Amino acid sequence: MMRQYELVERVQKYKPEANEALLNKAYVYAMQKHGQQKRASGDPYISHPLEVAAILTDMHLDESTIAVALLHDTIEDTTATRAEIDELFGEDIGRLVEGLTKLKRLDLVSKKAKQAENLRKLLLAISDDVRVLLVKLADRLHNMRTLEHMSQEKRARISEETMDIYAPLAGRMGMQDMREELEELSFRYMNPEAYETVTKRLAELSARNEGLITKIEDELRDLLIANGLLNASAKGRQKKPYSVFRKMQSKSLSFEQLSDVYGFRILVDDIPACYRALGIVHTRWRVVPGRFKDYISTPKQNDYRSIHTTIVGPSRQRIELQIRTKRMHEIAEFGIAAHSLYKDGEGGEQGELLSKESNAYNWLRHTIEALAEGDNPEEFLEHTKLELFQDQVFCFTPKGKLIALPRGATPIDFAYAVHTNIGDTTVGAKINGRIMPLVTRLSNGDEVEIIRSGVQVPPAAWEEIVVTGKARAAIRRATRMAIRKQYAGLGYRILERTFERAGKAFTREILKPALYRLGQKDVEDAIASVGRGEMSSLDVLKAVFPEYKDERTTIKPAADQGWFNMQSASGMMFRLPGNERTLSEATEAAIPSGGPEPLPIRGLAGNVEVRFAPAGAVPGDRIVGIMEEGKGMTIYPIQASALQKFDDQPESWVDVRWDLDEANKSRFPAKITITALNEPGTLATIAQTIARLEINIRLMTMGNVQADFSEFALEVEVWDLRQLNQLLAQLKDLDCVSTVKRVYD
């Protein structure tokens with residue numbers, strides 16, 4: 001385990017003026033707080049923050065970041081508090097430690113919605129101060145290095161999380177060495193058989209070619225020096241097992257077909273020397289066509305700059321070459337951690353300065369901006385993961401502006417990358433001066449001119465064509481807005497008629513004060529909800545004019561749970577909970593004098609007994625009837641899974657439907673389940689929400705009760721599907737409710 005003085009010496013090697021007192025204080029504080037805690041390996045727990053700090057010293061980070069690394073687990077795993085750390089080390093360090101504590105609780109391998117929300121929190125935290133990301137990645141790297149001490153299930157889960165999120169994120173931040181090691185360690189635990197096989201083949205290849213890398217290094221260096229590049233150096237290495245495996249998978253190659261297992265890096269003093277070295281190498285050895293890329297003139301979005309070429313080099317060996325300056329190499333290895341502006345800045349100023357120098361940090365900020373675009377968490381997760389993994393192509397606008405896009409991007413992606421409004425109004429594109437289909441895949445160096453129309457609305461089918469998250473989000477948003485506009489027009493007409501029948505005048509302005517009662521964000525959302533059938537126009541009327549009274553009634557069931565028959569005007573029998581009685585007795589008992597008759601169901605034949613499935617059905621549901629011998633007919637919502645057992649009995653299915661009558665004001669049963677916080681007042685809040693909608697609760701049962709959450713099963717009585725959907729929507733919006741759903745069986 002590293003000693004206190006060793007850590008200080010490591011920092012002072014690259015920063016002699018470092019605050020030694022701060023490092024010593026953080027070391028002692030972490031040592032005291034973690035005390036006798038042990039890791040799964042049996043090592044003292046303090047060894048972990050020390051190793052995390054050591055990883056960050058390899059990146060030459062400042063003493064404040066090193067102190068955060070030493071303290072990063074204290075709030076989570078010890079008695080330390082944010083206030084205590086603020087007092088001892090300052091608010092800046094306290095804020096970073098607290099941010100890392102929150103990130104530690106994230107589970108990025110979980111059900112999709114939760115994973116998406118946690119990824120949002122991760123990106124928001126690191127966008128506020130990139131040092132959070134640097135410490136988090138170092139923390140993950142050390143955990144991966146010691147993963148063999150965990151259970152097999154945890155190894156698989158943590159490795160998947162690392163491969164999906166942290167390794168690509170390290171790559172996006174330009175930290176290539178860390179990305180490669182994270183991928184390597186994840187590959188080892190996610191696919192141990194493939195890892196062992198590839199590692200063994202590489203070891204055999206290395207043994208056969210012993211001395212080859214050194215020989216090629218010497219020949220490259222001697223050639224460059226002989227041509228005047230006196231400070232040039234050449235370094236070669238064998239590719240990593242995961243890099244080899246990924247190429248075999250993506251190209252469908254066997255190990256024997258791989259011809260570029262070795263890569264070499266040439267380092268020179270400045271940019272002109274890079275191009276001189278390229279000319280020298282290409283003059284001496286034959287170039288492999290199509291394998292040249294210039295990332296100096298067009299850097300990657302993670303700030304990576306280098307010239308790539310492949311040659312048939314010394315010993316007729318096919319080798320990949322990277323030519324770059326020493327500064328480019330430092331940024332390629334350590335990414336944003338290599339930016340001197342980051343190391344020297346303080347507080348908020350460093351973030352601003354870093355963003356001006358670092359394209360990687362700019363990408364992160366643009367990704368965070370997408371959080372405000374209104375996408376749901378699952379869409380955000382999809383888009384972010386997509387952009388983390390994609391390689392790039394570089395295209396140009398007619399004015400010469402460079403646009404970086406994922407490989408496989410189309411002119412539609414290009415248009416949205418320039419501006420959302422340009423994408424929304426795109427009708428065609430010219431690629432290198434020729435009109436081409438919008439599905440054309442763009443290539444490096446293409447000049448793209450977008451043809452626009454002011455009346456264009458992006459088709460929903462475009463979503464299947466584009467590859468960028470920004471384009472998909474914009475297309476979905478535009479599609480939703482177009483659909484909402486249609487529903488809003490329908491809803492407006494419905495509301496006008498409803499208000500007119502009540503003797504009231506309807507305008508958009510009178511809805512504004514009632515929005516909170518309706519659970520809607522704005523007037524257009526409320527009107528569109530009526531058009532979609534999610535909210536009753538009568539509910540809107542009563543929200544605007546609370547004094548308005550509606551004469552709806554409820555059919556009250558008898559105390560026992562038998563059935564009684566009701567006959568509709570068409571002569572069909574209709575059964576509802578209650579005692580067995582005649583039509584006249586049931587009508588007199590269940591409906592006030594002068595009230596409406598029960599809601600009939602069309603499609604029945606003869607005098608048949610009818611009943612609802614246990615979970616009920618409400619007007620607005622698509623329903624079917626199932627005839628069973630000796631049981632009569634049971635009415636099911638089409639979503640009921642119980643219908644599956646009748647799939648092989650087509651003769652039992654009867655097409656029935658509601659015969660909704662404006663004069664009928666009966667309520668119908670439905671079942672819902674709610675998972676809510678287990679705290680005082682939760683049940684009252686739920687009951688008040690239901691009561692405000694004038695919905696009856698027939699029965700409530702408590703299900704699984706845990707320390708934090710409780711489950712409720714409710715049988716409610718509603719007028720129709722619109723009122724039930726409104727109830728579900730308003731319950732979902734309650735802070736105390738985690739999930740709510742309708743039960744169909």
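Which residues in H10 meet which residues in H11? In this predicted model, the H10 side of the contact consists of Arg-155, Ser-159, Glu-160, Thr-162, Met-163, Tyr-166, Ala-167, Pro-168, Ala-170 and Gly-171. Their partners in H11 are Gln-176, Met-178, Arg-179, Leu-182, Glu-183, Ser-186, Phe-187, Tyr-189 and Met-190. By class, ten residues in the contact of H10 with H11 are nonpolar, five are polar and four are charged.

**Helix pairs**

Helix H10 covers residues 152-172 and helix H11 covers residues 176-190. Their axes come within 9 Å and cross at roughly 160°. Because angles over 145 degrees count as roughly antiparallel, H10 and H11 are therefore roughly antiparallel to each other. The crossing of these two helices is left-handed.

A second pair is formed by helix H2 (residues 20-34) and helix H6 (residues 82-89), whose axes come within 11 Å and cross at roughly 155°. This angle makes H2 roughly antiparallel to H6. Here the crossing is right-handed. H2 contributes Leu-22, Lys-25, Ala-26, Tyr-29 and Lys-33 to the contact, while H6 contributes Glu-84, Ile-85, Leu-88 and Phe-89. By class, the contact of H2 with H6 has six nonpolar and three charged residues, with no polar ones.

**Helix H11 and its surroundings**

The 15 residues of H11 should span 21 Å at 1.5 Å a residue, and the end C-alpha atoms of the helix are 21 Å apart, which agrees with that expectation. The buried residues of H11 are Met-178, Arg-179, Glu-180, Leu-182, Glu-183, Glu-184, Leu-185, Ser-186, Phe-187 and Tyr-189. Besides H10, these buried residues pack against helix H3 (47-58), helix H9 (131-145), helix H12 (192-208), strand S1 (233-238) and helix H14 (241-251).

**Individual buried residues**

Ala-69 is placed in helix H4, which comprises residues 63-71. Its relative accessibility is 0%, so Ala-69 counts as buried. Leaving aside neighbours within four places in sequence, Ala-69 is in contact with Pro-49, Val-52, Ala-53, Leu-56 and Val-135. The C-alpha atoms of Ala-69 and Tyr-27 are separated by 9.9 Å, and the two residues lie 42 residues apart along the chain.

Ser-710 belongs to strand S22, which comprises residues 709-718. With a relative accessibility of 3%, Ser-710 also counts as buried. When neighbours within four places in sequence are left aside, Ser-710 is in contact with Ile-674, Thr-675, Ala-676, Asn-678, Met-702, Asn-704 and Val-705.

**Loop residues with positive phi**

Asn-432 has a positive phi although it is not a glycine, and Glu-694 likewise has a positive phi without being a glycine. Asn-432 is located in the loop between strand S9 (426-431) and strand S10 (434-436). Glu-694 lies in the loop between helix H28 (682-692) and strand S21 (696-705). The table sets out the values for these residues.

| Residue | Phi | Relative accessible area |
|---|---|---|
| Asn-432 | about 55° | 46%, partly exposed |
| Glu-694 | about 55° | 37%, partly exposed |

Note on methods: Residues numbered from 1 in each chain as written. Predicted model: local features only at pLDDT ≥ 70, side-chain atom pairs only at ≥ 80, totals over all residues. Heavy atoms only, no water. Helix = DSSP H or I, 4+ residues; strand = E, 2+ residues; numbered from the N terminus. Buried < 20%, exposed > 50% of the residue type's maximum accessible area, 1.4 Å probe, protein only. Contact = heavy atoms within 4.5 Å. Axes fitted to C-alpha atoms, helices over the stretch in contact; angles between N-to-C directions. Parallel < 35°, antiparallel > 145°, perpendicular 65-115°, else oblique. Left-handed = near helix turned anticlockwise from the far one by under 90°. Nonpolar A, V, L, I, M, F, W, Y, C, P; charged D, E, K, R; others polar. Expected span 1.5 Å × (residues − 1).
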